[in-house]
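Hi everyone, thanks for making time for this. Have a look at the chain on the screen, and I'll walk you through it.

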Amino acid sequence: MTCRLIIDVFGMVANGKSAMDKQLQQLRQFHQRFACHIEETPTAELPPGIGEVRARLMQEELDEYREALAAGDLVGIADALSDLLYVVMGTYLSHGLQDKAERLFDEVHRSNMSKLDEHGQPKYRADGKVLKSELYLPPDLAPILIDDSE
């Protein structure tokens, strides 16, 4: 039951679409309507100023999250996190990564799970950050980025 619930929460659909397809399509709609930059293929190169605007938007939403957290404002927290996700996913479109977003996320998740030690246990820093174990494997994102099969 728990696994089914998690799949439902992330919006997996039986027709083979990515769990992120709906959100990425909504972002494409926004970017097109508001004339925001979209690339169709992966690129690190953006027109002048676009990358800086995207980074500034992410920082603004992160700052709003910190403010809401400090105030104990759950609505503000939800708003800031949703806006942050919106901006980050929009930045995938700006860099042409929309067709690779789910695979990139999956690879980073695989890598993060490799932080467990040989006993399957996490190790933590004093502030609660999960540390990398000796079994850690960094994400291998390059093959996903160069794969043209999508």
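**Contacts along the chain**

Let's begin with contacts, meaning heavy atoms within 4.5 Å. Among the contacts in the chain with a separation of 6 or more, 59% are between residues 24 or more positions apart.

A word on where this comes from: the model is predicted, so local features need pLDDT of at least 70 and side-chain atom pairs count only at pLDDT 80 or more, while totals for chains, interfaces and linings use all residues. Residues are numbered from 1 along each chain as its sequence is written, and side-chain values use heavy atoms, with hydrogens and water left out.

Now the overall layout. The chain has six helices and two strands, where helices are DSSP runs of H or I with at least four residues, strands are runs of E with at least two, and both are numbered from the N terminus. Reading from that end, the order is α-α-α-α-α-β-β-α. Of the 150 residues, 24% are buried; that means under 20% relative accessible area, with exposed being over 50% and partly exposed in between, using a 1.4 Å probe and protein chains only.

Next, please find helix α3, residues 50-71. Its 22 residues reach 32 Å from first C-alpha to last, close to the 32 Å expected at 1.5 Å a residue (the expected span is 1.5 Å times one less than the number of residues). Which residues of α3 are buried? They are Arg-54, Glu-61 and Ala-68. Down the helix axis, the buried residues of α3 fall within an arc of 50°, so they line one face; the arc is taken from the directions from the helix axis to the C-beta atoms. Helices α2 and α4 are among what covers them. On the face turned away, you'll find the exposed residues Glu-52, Glu-67 and Ala-70. Just after α3, Gly-72 has a positive phi of about 65°.

Finally, the aromatic rings. Rings of Phe, Tyr and Trp (its six-membered ring) pair if their centres lie within 6.5 Å; planes under 30 degrees apart are stacked, over 60 edge-to-face, and the rest tilted. There are two aromatic pairs by this rule. In one of them, Phe-30 and Tyr-86 have ring centres 5.6 Å apart and planes at 85°, so this pair is edge-to-face. Phe-30 sits in helix α2 (residues 21-33) and Tyr-86 in helix α4 (residues 74-94), 56 residues apart, so to speak a link between distant parts of the chain. Phe-30 is partly exposed at 31% relative accessible area, and Tyr-86 is partly exposed at 36%. Together with Phe-34, these two residues form one aromatic cluster.
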